[in-house]
Amino acid sequence: MSDSSVQIATVVISVAALIFSTTAAFWSLVYNRRQARAVAEANALTERAQREQAEPYVIVDIRPRIPGSSLLVLVIENIGQTLARNVRISVSPPLQTTLGAERAETLNRAVGRRIATLPPQAPHSLRHGCRPSTLLLGTAQGVRVPG
């Protein structure tokens with residue numbers, strides 16, 4: 001083998017090694033960018049889950065006063081993990097009851113009142129007074145829920 005063929009072989013091997021290493025570096029960069037994106041998405045999901053876990057979740061429901069009863073009550077409940085503050089509920093159109101127009105007005109005034117604090121996992125039933133108790137809506141056959 002002559003010196004020129006050795007030089008050509010060396011150049012060919014060097015070019016092949018350069019192409020291989022450049023290709024490997026390119027795909028490594030692509031992979032690393034995808035990994036970085038996946039890590040950023042995972043971090044965002046984790047932050048969102050932590051934020052949601054630290055927030056109160058307030059629901060309003062109409063339930064039987066006791067299981068099997070035809071009497072219904074309005075229940076406001078915080079199913080989240082933290083204290084809910086300054087809770088306000090609005091209903092449109094207003095709730096109606098089988099117990100008469102005066103009771104319906106009382107019901108809607110009570111629903112519209114601000115609840116200063118609502119602890120987690122502690123249902124808050126309303127009555128026309130300010131303290132927690134029961135807000136009687138009427139019988140299941142006669143209550144009309146807007147919607």
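Q: Where do Glu-52 and Arg-48 lie, and how many residues apart are they?
A: Both sit in helix α1, which covers residues 3-53, and they are four residues apart, about one turn of the helix. Helices here are DSSP runs of H or I with at least four residues, strands are E runs of at least two, and both are numbered from the N terminus. Bear in mind that this is a predicted model, where local features need pLDDT of at least 70 and side-chain atom pairs count only at pLDDT 80 or more, while totals for chains, interfaces and linings use all residues. Residues are numbered from 1 along each chain as its sequence is written, and side-chain values use heavy atoms, with hydrogens and water left out.

Q: What makes Glu-52 and Arg-48 buried, exposed or in between?
A: Buried means under 20% relative accessible area, exposed means over 50%, and partly exposed is in between (1.4 Å probe, protein chains only). Glu-52 has 32%, so it is partly exposed. Arg-48, with 46%, is partly exposed too.

Q: How do you know how the rings of Phe-26 and Trp-27 are arranged?
A: Rings of Phe, Tyr and Trp (its six-membered ring) pair if their centres lie within 6.5 Å; planes under 30 degrees apart count as stacked, over 60 as edge-to-face and the rest as tilted. A search of the whole structure finds one aromatic pair. Its centres are 5.1 Å apart and its planes stand at 75 degrees, so Phe-26 and Trp-27 are edge-to-face. As for accessibility, Phe-26 has 47% and is therefore partly exposed, while Trp-27 has 51% and so counts as exposed.

Q: What makes the ten residues from Leu-74 to Leu-118 a nonpolar core?
A: A nonpolar core is a set of buried Ala, Val, Leu, Ile, Met, Phe, Trp, Tyr and Cys residues joined through side-chain atoms within 4.5 Å. The largest such core has ten residues: Leu-74, Ile-76, Ala-84, Val-87, Ile-89, Leu-95, Leu-107, Val-111, Ile-115 and Leu-118. At least two of its residues come from each of β2 (71-78), β3 (84-87), α2 (101-112) and β4 (115-118).

Q: Which residues of α2 are buried, and why are they said to share a side?
A: The buried residues of α2 are Ala-104, Thr-106, Leu-107, Ala-110 and Val-111. They cover an arc of only 160 degrees around the axis, which puts them on the same side of α2; the arc is taken from the directions from the helix axis to the C-beta atoms. On the other side of α2, Ala-101 and Glu-102 are exposed.

Q: What makes Leu-83 buried, exposed or partly exposed?
A: Its 31% relative accessibility makes Leu-83 partly exposed. Leu-83 is in the loop between β2 and β3. Leaving aside neighbours within four places in sequence, its contacts include Pro-56, Asn-78 and Leu-118.

Q: What stands out in the backbone at Pro-93 and Asn-86?
A: Most residues other than glycine have a negative phi, and most peptide bonds are trans. A cis peptide bond joins Ser-92 and Pro-93, with omega about -5 degrees. Asn-86, found in strand β3, has a positive phi, near 55 degrees.

Terms used
Contact = heavy atoms within 4.5 Å.
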